Amino acid sequence: MNAHFILPIKVVSELNKAGHEHWRKTANRRKQHRFAAKVMTAGQIKPKWDGQPITVTFTRLIGKGGRKFDSEDNMNSSCKSIRDGVADGLEINDNDPRVTWKYEQVKDVMHGVRVTFTDTKEKDDG
């Protein structure tokens with residue numbers, strides 16, 4: 001199964017923003033991101049997933065003229081609510097050993113997060 005979807009949301013660096021934003025605003029944003037990821041995953045990906053090992057890659061799309069890339073720690077924190085939503089949509093825990101989580105960043109024409117699902121099972125060359 002190779003599939004993806006794009007969440008048209010602007011992901012912010014949670015570690016850098018923590019002291020500058022009211023906790024309720026942060027909680028509401030995380031709740032919205034988690035719900036959007038859950039709905040997209042449950043509707044588009046879950047019916048195709050056969051329970052085999054997969055890699056889920058979160059690619060942060062930074063609009064032209066956007067900020068510099070974040071560190072791996074910031075990406076992990078920024079995408080945590082989306083990761084939780086994907087796990088909810090797949091009806092698993094986010095520490096399920098069948099899923100490997102990866103984080104990337106690219107410059108793009110829009111802001112958002114592309115969530116890509118890729119099979120990781122070994123292919124038989126025989």
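Biologist: Is E91 buried or exposed?
Modeller: Happy to start there: this is a predicted model, in which local features need pLDDT of at least 70, side-chain atom pairs count only at pLDDT 80 or more, and totals for chains, interfaces and linings use all residues. Side-chain values use heavy atoms, with hydrogens and water left out, and residues are numbered from 1 along each chain as its sequence is written. Buried means under 20% relative accessible area, exposed over 50%, and partly exposed in between (1.4 Å probe, protein chains only). E91 has a relative accessible area of 65%, so this residue is exposed.

Biologist: What phi does E91 have?
Modeller: Most residues other than glycine have a negative phi. E91 sits in the loop between α4 and β3, just after α4. E91 is not a glycine, yet its phi is positive, at about 60°.

Biologist: In what order do the elements of the protein run from the N terminus on?
Modeller: Helices (H or I, at least four residues) and strands (E, at least two) are DSSP runs, numbered from the N terminus. The protein has 4 helices and 4 strands. Their order is β-α-α-β-α-α-β-β.

Biologist: How many of the residues of α4 are buried?
Modeller: The buried ones include S81, I82, R83, D84 and G85. Their cover includes β1, α2, β2, α3 (72–78), β3 and β4. Helix α4 is mostly covered, and its buried count is 9 of 11 residues.

Biologist: Which residues is D84 in contact with, leaving aside neighbours within four places in sequence?
Modeller: D84 lies in helix α4, and its relative accessible area of 14% is why this residue counts as buried. Contact means heavy atoms within 4.5 Å. Beyond its sequence neighbours within four places, D84 is in contact with R34 and D94.

Biologist: At what angle do the axes of α2 and α4 cross?
Modeller: Axes are lines fitted to C-alpha atoms, for helices over the stretch in contact, and angles run from 0 to 180 degrees between N-to-C directions. R34 in α2 and D84 in α4 are among the residues where these helices meet. The axes of α2 (residues 23–45) and α4 (residues 80–90) come within 7 Å, and they cross at roughly 35°.

Biologist: Which residues touch the most other members of the largest nonpolar core?
Modeller: A nonpolar core is a set of buried Ala, Val, Leu, Ile, Met, Phe, Trp, Tyr and Cys residues joined through side-chain atoms within 4.5 Å. Here the largest one has 25 residues, with its largest share, 4 residues, coming from α4. Those with the most partners in this core are V56, F58, I82, V86, V115 and F117.

Biologist: Which residues is V115 in contact with, leaving aside neighbours within four places in sequence?
Modeller: Among the elements that give two or more residues to this core are β1 (3–7), β2 (54–63) and β4 (112–119). Setting aside neighbours within four places in sequence, V115 is in contact with A3, H4, F5, L7, V56, T57, F58, I82 and V86.

Biologist: How many Å apart in space are F5 and M40, C-alpha to C-alpha?
Modeller: F5 lies in strand β1 and counts as buried because its relative accessibility is 3%. M40 is one of the residues that F5 touches, along with A37 and V115 among others. Although F5 and M40 are 35 residues apart in sequence, their C-alpha to C-alpha distance is 7.5 Å.
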